[in-house]
Amino acid sequence: MKEILVLGAGYAGLKTVRNLQKQQGDFHITLVDRNDFHYEAAELHEVAAGSQPRTKITFPIQEVLNDKTTFVQDEVVTIDRDAQKVTLRNHDALHYDYLVIALGFVSETFGIPGAAEHALQMVTIPTAERIHEHIVETMKHYRQSHDPNDLRLLVCGAGFTGIELAGALTDERKKYAELAGVAPEQIEIVCVEAATRILPMFDDELAQYGLQLIEKLGIKLMTGCKIKGINPGEVLYTAGDDEQPQTIKAGTIIWTTGVSGSPVMGESGFSQRRGRVIVNDDLTDQEHKNVYIIGDVSAFMDKQSNRPYPTTAQIASRMGAHVAKNLAHQLRGEATEPFSFVSQGTVASVGNTHAFGVVGKTKVKGYPASAIKKMIRNKSLNDLGGLKEVLSLGCFDLYH
Ligand code: NAD
């Protein structure tokens, strides 16, 4: 019997397992993840803002496995491709015939001084929960301190993650104000962004719509401001061509300037850049045809732009489905198929009832976009979990 080892139960790894489990054949799957639950990483901002508890964006991994799969809860330490062996923190090493590496992302601080120590990270369920606890503590602290900086929530980076987080924070503004004993208008939400033009994936008209929406919701967007360092309660940045650093203080500082693939890739000797490894057309490792690399640790090149596709939940899930198909081919002694990716679109939510983006070739805005975003989430839950997960965690009140 062939042993298939899948590392990581995020969008990519869990989709691989879910689809493989439907295949016939003489194989067994072992799935390893440090958590015994899957979490919807694209929804972490809701837990951070306090709009959803962790139970609304997680489900137990065991719930979606069948008797083809054994689950091991542990942390991957290193991967030895020559010995076909994976070392774990607390269990004996695991051997494999086929390996699927889907170890996901970590926060990228670009070595900016103080970013890892003095800014809150939003990469896992505990870190997202810590952000919400911090906001609650800081708002309560204002009642004694009367320091207006306690009322300022500062998001570092206005990529999709930063914008979706800032939007979720505006939804909770009233709750924060009550905790602090102030009017909601006194809660200030600021995004500090190095680029002068945000939302580079959208055309001018849609990016302008996004900007207006952000402004309408009362988010202060500081573009052209490059963060140079973080001190406790303070962000240092340079604005435009001015080399002289300026500062802005805030009781809550959250880091969302981008992500890297898991450090396990570099530590295991893969040739990688920011934890991402360039893969073959069929998603296998360049040196080992029995090793697949997918999701945020994978760099699948877009031949037109000669750049890797961006790391998104959509591409991770599609890679997972493709690997399940290719593994089934390999188990039958057949050739693998090349992966191809055409984005079905991108929708950014700004709070629970506002969103904008592109679906297929159509631009979507406002409430309809928000409803589409919720449908995308329900589809993801159905793909990775099943009906039970959609019914317990899905969004059905599409317009609220
Ligand atoms: P990102 O790299 O897309 O955005 C990070 C932002 O931080 C950029 O705008 C960058 O200019 C800014 N930045 C970097 N360094 C800075 C500095 N020193 N000072 C100020 N600003 C700085 O990262 P992300 O937002 O975490 O997104 C990661 C990936 O996930 C992207 O591909 C994104 O499209 C995807 N994503 C998609 C969705 C969605 O589809 N709804 C949601 C979240 C993330």
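Predicted model: local features only at pLDDT ≥ 70, side-chain atom pairs only at ≥ 80, totals over all residues.
Me: What area is buried between domain 1 and domain 2?
Reply: The contact involves 16 residues of domain 1 and 18 residues of domain 2. Carbon and sulfur atoms give 65% of the buried area. The total is about 1,400 Å².

Me: Which residues of domain 1 lose the most area to domain 2?
Reply: Three residues together make up 36% of what the domain 1 side buries. They are His 45, Ala 48 and Ala 49.

Me: Which residues form the salt bridge between domain 1 and domain 2?
Reply: The count between the two domains is one salt bridge. Polar contacts were counted too, giving five residue pairs, both at pLDDT 80 or more. In the salt bridge, the closest N and O atoms are 3.0 Å apart. Domain 1 covers 2-107 and domain 2 covers 115-257, and the partners are Arg 54 and Glu 129.

Me: Which element supplies the largest share of the side of domain 1 that touches domain 2?
Reply: Strand E3 (37-39), helix H2 (44-49) and strand E10 (105-107) each supply at least two residues of that side. The residues of the side divide into 10 nonpolar, five polar and one charged. The largest share is five residues, and the element is H2.

Me: Is Glu 234 buried or exposed?
Reply: Glu 234 lies in strand E16, residues 234-239. Beyond four places in sequence, its contacts are Gly 229, Thr 247, Ile 248, Lys 249 and Ile 253. The cut-off for buried is under 20% relative accessible area. Glu 234 has 15%, so the residue is buried.

Me: What is the phi of Phe 110?
Reply: Most residues other than glycine have a negative phi. Phe 110 has a positive value. Its place is in the loop between E10 and helix H3 (115-118).

Me: What relative accessibility makes Phe 110 count as partly exposed?
Reply: Partly exposed lies between the cut-offs of under 20% for buried and over 50% for exposed. Phe 110 counts as partly exposed because its relative accessibility is 45%.

Me: Where is Arg 274, a residue with positive phi?
Reply: Phi of Arg 274 is near 50°. Arg 274 is partly exposed, with a relative accessible area of 38%. Its place is the loop between helix H8 (264-267) and strand E20 (277-278).

Me: What is the relative accessible area of Ala 369?
Reply: Ala 369 is found in helix H10, residues 366-384. Leaving out residues up to four places away in sequence, Ala 369 touches Val 347, Ala 355, Phe 356 and Val 364. Ala 369 is buried, because its relative accessible area is 0%.

Me: How far apart in space are Ala 369 and Thr 58, C-alpha to C-alpha?
Reply: In sequence, Ala 369 and Thr 58 are 311 residues apart. Ala 369 is in helix H10. The C-alpha to C-alpha distance is 24 Å.

Definitions and conventions:
Residues numbered from 1 in each chain as written. Heavy atoms only, no water. Domains from an automatic or database assignment. Contact = heavy atoms within 4.5 Å. Buried area = accessible area lost by both parts, 1.4 Å probe. Salt bridge = Lys/Arg side-chain N within 4 Å of Asp/Glu carboxyl O. Polar contact = N/O pair within 3.5 Å; in protein donor to acceptor, adjacent residues only side chain to side chain. Helix = DSSP H or I, 4+ residues; strand = E, 2+ residues; numbered from the N terminus. Nonpolar A, V, L, I, M, F, W, Y, C, P; charged D, E, K, R; others polar. Buried < 20%, exposed > 50% of the residue type's maximum accessible area, 1.4 Å probe, protein only.
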